[in-house]
Amino acid sequence: MRYPLFLRATVLGVALLLAVALLSAACGDGDDREASAPGSATAVTVTTPSASASPAASVVAAFPVSVTDSGGTTVTFTEAPKRIISYSPGATEVLFAVGAGGQVVGVDKFSDYPPETSTKTRLEYSKPAPEPALALQPDLVIMATRQEGQVAQFRALGMTVLLLKEPADLAAVLDQIRTLGKVTGHAAEGERIAATLEERIDAVEKRVAGVIDGPLVFYEVSPELHTAGPQTFIGSLLATAKAKYVAQGATTAFPQLSAETIISSNPAVILLADGGGSGSQSASTVIARPGWEGIDAVRNGRVHVIDSNLFNRPGPRVVDVLEQLVDILYPDLQ
Amino acid sequence: MNAQLSFEGVEVRLGRRVIVSGVTFELGEGEVMALCGPNGAGKSTIARAAAGLLPASAGSIRLRGSALRSVPPGDRARICAYVAQQPAAPPGFAVRELVALGRLPHLGLFGAESEKDRATVEQAMERAGVSSLGARPIGELSGGEQQRVSIARALAQEPRLLILDEPTSNLDLRFQASILGLVWRLSRDEGLAALVVIHDLSLAALFCDRLLLLAEGRVAGYGPPAEVLTAPLLVRTYGTPLRVLPHPERLSPVVVHSLAGHPQIANQGGEA
Amino acid sequence: MSVRARLVFARPAARPAAHLVLAAGIPVLVAAVIIATSVGAVSIPQTTVAATILRHLAGQGGAGGPADTIVWDVRLPRVLLAGMVGGTLALSGATYQSVFRNPLADPYLIGVASGAGLGAAIAIVSPLPLDYYGFGYVALFAFVGALAAVALTYELARSGRTVPTANHVLAGVAVSAAATAATTLVMMLNEARAFVVFSWLYGDFTTSSWEKLRLASPYVGVSWVVLLLCTHRLNALQLGDDEAATLGIRVERLKIVTVVVASLATAVCVALSGLIGFVGLIVPHACRLLVGPDNRVLFPVTLLFGATFLILADLGARMVLAPQELPVGIITAAAGSPFFLILLRRQRRGLP
């Protein structure tokens, strides 16, 4: 068969597309990874005017506040927003924690904590329609990673939007608390909460300071044996707790492992995120799996069901999670 | 006399296989030429080449003096109409709609039909004997009726040259006669030139001016039917015993099977 | 005359009613636009809707306020885009059904859908900025992907200068399968964005805008005009390639022009609103059962009814579980199938 130019060009084009696909797979999660680098300049920066000159007058002018969001856009607030819509469950928790709950008018349907959120108007989470949002006449809309593609749309329709992607590590959580505190006019409260959390994190780090070889953990996300990779928030928590985990070398966020890999790596602790309220797995179902009886974690009864909502939502309760984790991993440490 | 269609040393291939070669004939205004021969001789191939559907790999085909290849399809469709062996019966179409498609070469950009177009369609349907079937869906008709609808469509094109590939194969005696009679009349009254592929030699002899006998892709005989339809040539061409008799009403050969090759039957029936 | 014969005679003779159907199509479409713009997750009084639209049309700009933004910047472009996409998908489907002489052909037959899906998936998982609002990278990649798939299908099916129909369909199936597999692979290697890809593939009009309409109209408009001009020639094509050629039609050229134009417009629509199934298959077929196979009437009717259908389907998608939005593809399937089955049964009773 002859190979006319057209065919060659098309084949080349297709090959190019596939190459892009594979390349993107290699660096596709790039932006998540950037944000997760601990201690790096987080995506969100806040500037406030410096305190007034006289040290006696210790009141800091709270506004105007400028925020540069995860998308690089800078938004300036001249006063605290009073009609906030939050499409991010984590951000919702922070807003209520810093005392801005009264300024919130709408939340997405997954924002279920604290209980006061049930009094707010419920909105969609994935691909939210602009209409219900417009009807609430918001002066601030907070969007997270899932709604990223619509930030431009909401802005074009006249709404003020901050794209605050989910924090990928503890430092980013504290940043978000401070930021939202400042933006909503509750800077002091935000600072206080962040400081308290920092203390508790320090306490945890001291607790595990002496640990040289943390236990090997398998964090199960699904019964099909998906687990969390190092770039995820969970990954960063496990790292803070000095645990080693089975998916340590993974390049994707939620890789799927084979039973052989898990059995042969012989984890000391198994954490089930697909049990309790989030699924059907439990210590007994794990024991029943063929070949799993020999794993250290199973033999020593260290298979724990954890609340995956809590573990997956980078908000103020995250330190509760961290402390819980350390309790599970190091039952003997104080 | 104007040659509507002329073939000169035409060779037609399908892929690398030569189907017909060395075909030469001329069809003038008001002439009917029958194209006959055994199965696989290449009759349909010549018909399709004449309609412009197959290119000649050697020799030349001329339509009204111009090389067929160089005539734009639109012009060609206004001159030449072609009816294939198998009638087309796209589901859902009514008879009148299909016949009306024959007016396509004459319609303007938007495909709007005028009164004249509609009248031509009616006339074509009447001539082909399908007027009463106008509203029927084509899928309901018998093979013969569908054949006549295709012929009506060809007539609606108002062609100067009509190419019919086995138009009578599905028709009963009455419609065989009426269609070929129609073609004959149109050739005499309106100068229509017609190339008709036909199996029935006797029928061909009655209605055509000239007959081209084709065998294995080559011309075995060409001329008035009485000259071409001779027993020795026919027996050689068809490879079966045949006899040629004179028609009771005209000087036209009638070809019948001979019993020479079938002794069992010969012993059964009565003697002539 | 038997009942059956009467039914049989009635149908083709009832074709003059086809022109009535065509004439009714426009007011029906206008009514659908009005209804769809007046109804939404947020209830706005009819009078306000009408006043807002009239004010904008008169060039006086907006009155400000959420109602104005909702009606003029959110609902109206959405309804118009749904209409444009619905009309295009239906018209493309009718075109493919004519060219391929196959009543089961739909606009995604020769690779548009799968190519667009792969392109969009690549764009979504790449570091390129994610923006659905205008004609961003996702739409661009989807468009290019669709055209690449169509070109590849054509090239694979071609033998010499002609494209045998059966080969074209088979090549389309092969290319679609390959592209779909590649899309799945891309999604699996990028789970973080996999759901985003998945939800793009569903198809929806949530991010409709005037800009999208402006960008799409030239391609779509040209496509509509060209296809409407080819209707009678496509009629002749139903007789078969040979017969059509002897009626003076340049068969290969007709096939290429109509397929390319229909594919282009379909690719633009898919790039802007994702993959919406059923419209391109069901609407032309249903219209054919109503008004017959003459494309001169069928194509305009299909265009109007396709637009109306998708506008109403999108309305359903918005309202059935308000304020949550369903993917519009679910509505088109749910509404389309029973309606079509009813039509089919009526049709079957009329034939021997």
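## Burial and dimensions of chain C

Of the 352 residues in chain C of this predicted model, 56% are buried, that is, 20 or more other C-beta atoms, placed from the backbone, lie within 10 Å of their own. Its secondary structure comprises 15 helices and zero strands, these being DSSP runs numbered from the N terminus (helices H or I, at least four residues; strands E, at least two). Chain C has a radius of gyration of 21 Å, close to the 20 Å given by the globule rule, so it is as compact as a globular protein of that length; the radius is taken over C-alpha atoms, and the rule is 2.2 Å times the number of residues to the power 0.38.

Residues are numbered from 1 along each chain as its sequence is written, and chains are lettered from A and ligands numbered from 1 in the order written. As the model is predicted, local features need pLDDT of at least 70 and side-chain atom pairs count only at pLDDT 80 or more, whereas totals for chains, interfaces and linings use all residues.

## The sheet of chain B

In chain B, six strands form an open, mixed sheet in the order β6-β7-β8-β3-β9-β10, where pairing requires at least two DSSP bridges between two strands. The strands β6 and β10 (218-223) of chain B are at the edges. Four bridges join β6(B) to the parallel strand β7 (residues 161-165) of chain B, and B:Y82 stands opposite B:I163.

## Contact between chains B and C

The contact takes 24 residues from chain B and 25 residues from chain C, with C-beta atoms, placed from the backbone, within 7 Å. On the side of chain B that touches chain C, α2(B) gives the most, with four residues.

Technical notes: Contact = placed C-beta atoms within 7 Å. Buried ≥ 20, exposed ≤ 12 C-beta atoms within 10 Å, placed from the backbone.
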